[in-house]
Structure formats: C-alpha cells, structure tokens
2 protein chains.
Amino acid sequence: MTTLLYFEDLPAGTVLRASRPVTLDRDAVLEFARAYDPQPAHLGEEAAAASQFGTFCASGWQTVGVTMRMMVETMPIAGGGMGAGVEKLNWPRMVFPGDTLTAEIEILSARVSRSRPDKGVAQVRCVTRNQRDEVVLELTSTILLPRKRTA
Amino acid sequence: MTTLLYFEDLPAGTVLRASRPVTLDRDAVLEFARAYDPQPAHLGEEAAAASQFGTFCASGWQTVGVTMRMMVETMPIAGGGMGAGVEKLNWPRMVFPGDTLTAEIEILSARVSRSRPDKGVAQVRCVTRNQRDEVVLELTSTILLPRKRTA
C-alpha cells in the first residue's frame, strides 16, 4: 500500500531520496528520441558522432521524464500533484544509455494557496545524479497539492 | 531535403510556425504517463475522476515532448541544438487526448558565445496552442547552436 501525501506531510525542509533508481537503457533512449526529440545526438552512435554533443546521449527531456517518474513514486501526492510551472531547469552533464539515475527531492517552501484555501503551494527542488554521483539535472518547480482538511 | 540551420540563420526576432501540427492520441497519452508520469490524471478517465485535475489529461511533460518534436522539425539545427537550460515553463491549460497542438517559435535574442566563439547562444520562446487556439504551453529556453564559419 502506498501512503498518499498531503500538503501537511511535506513542510519546507523535507528531503526525500528516490528509493528505486532508474536505468535508462539504449532502446528506451532511442524510442524516446524518435517520438519526442529526434536530434542526431539522441539517435545512435553514428548520427551522434557528427552532432554538437559528439556522442550518443539521452534527450534532456527524457532525463526530466525519468526524474518525474522517480518523484511520483517517491512523493505520491493524493490526487496527483498539479504542476504550476518551472522556475529552473538545466542539465549540467549528459546522460548516456546505460546510466543509472537517482533523484533527491527537497521542499524549498510550502504555503496555503491564497486563491484556493483547500490547496497548498510548494516549491520543490529536484536534483538527479548518475551512478558516479554527478549531477545531471536540476529542476525547481511549483506544484499544487491538496490539504488534509479543507475549509 | 531538410535545410539545416546555423546561428546566422536565426537572428533575434525570427518567428517560425510549426508546419505539421501533432495530434496526441489516447494511447500515446497513456503510454507516456505509464513510462514517465504515472499520476492518476494521466492514467485514464476513471483514475482521473478522483485526481486534482478531475479529468483525464496529458502529462505536461508530454506536451513539452510534443513541442520539442515540432521545434526539431520546424527549426532543424545543424548538429542538433544543445539545451543550456530553461528559464520559464508553464502550462496555462490542460491538454486532452485527441487535442491537436501547434507551436510557434520566436528567437528572443542571439549572440556569439564568449567562451566558445564557434557557437551561438540563442534564447528561444515557444508557445504551443491547441485546436481552439488556446495556449497550453509557454517555454523559454537557451540553446547553443553552431556558427557557419568557425574562427
């Protein structure tokens, strides 16, 4: 059984670490690239050799997707989180097929919504690292989550 | 034949409109959600009814992916663009299975890289709309692209 989380369960300062790292296999890298980011660096070794990256690597948007899945599994919000927006997103290093990623989530701030008092607003920072503990993604976003007791 | 674009082809003020809109079908919405954003709103009508969204809708990250594909097709950068980071990303409206999306891309600024004079740095704004011309995504990001003549 998964325990679903509410606004009150995630005060500012909470830090959660993904319990289940995710390995990005080669087929998944190619499949994502073909569907959502068909640029040469993400379409196999040969195409990637002539790319700006120079080497076959995963789409940064796939790294975001894998991170999102780890966030959903690690911090299962009752009714699902509702993304209000992203304040910061960058990719300090490439992710290669076969890399194993893990994410750490920190609640930077949390407050009751002024316009919707049955909701909380949290700013969440997520840092994703590879198997060498190098940071591959930094994502700061704002999400809405339900309160336990609504007015 | 696709004409590949270089820094010099995309001065500030350039506006490009996706030539091929993308329709997000129900199966694609479910497939993406299961892989990258398994929250109730994205897993079918029944699960979504009890979600914060209250209705079955696509993951916002899939909207980003579809937008990315339109950007790659509409603005094919020689060697592929290299994302340096995202400054702004939000989702003003939900995207529903069956929606048809189109993207408009504007080059906000463009300059030669100081640290890598063979590259250009462009800030790009992308606005994605549905078939009712409603904005579903706003994305401002910075990309590196190659110059035609390197020093």
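Buried residues are those with under 20% relative accessible area, exposed ones have over 50%, and partly exposed ones lie in between (1.4 Å probe, protein chains only).

**View 1. Burial within chain A of the predicted model.** By that definition, buried residues make up 52% of the 151 residues in chain A. This is a predicted model, in which local features need pLDDT of at least 70 and side-chain atom pairs count only at pLDDT 80 or more, while totals for chains, interfaces and linings use all residues. Residues are numbered from 1 along each chain as its sequence is written, and chains are lettered from A in the order in which they are written.

**View 2. The order of helices and strands in chain A.** Chain A has three helices and six strands, taken as DSSP runs (helices H or I, at least four residues; strands E, at least two) that are numbered from the N terminus. Along the sequence the pattern reads β-β-α-α-α-β-β-β-β, and the C-alpha atoms of the chain fill a box of roughly 60 × 30 × 25 Å, taken along the principal axes.

**View 3. The contact of chain B with chain A.** With contact meaning heavy atoms within 4.5 Å, 40 residues from chain B and 40 residues from chain A take part. The two chains bury about 3,300 Å² between them, 60% of it on carbon and sulfur atoms, where buried area is the accessible area (1.4 Å probe) that two parts lose on being put together, summed over both. Tyr36(B), Gln52(B) and Trp61(B) supply 26% of the area that chain B buries against chain A, more than any other three residues.

Notes:
Side-chain values use heavy atoms; hydrogens and water are left out.
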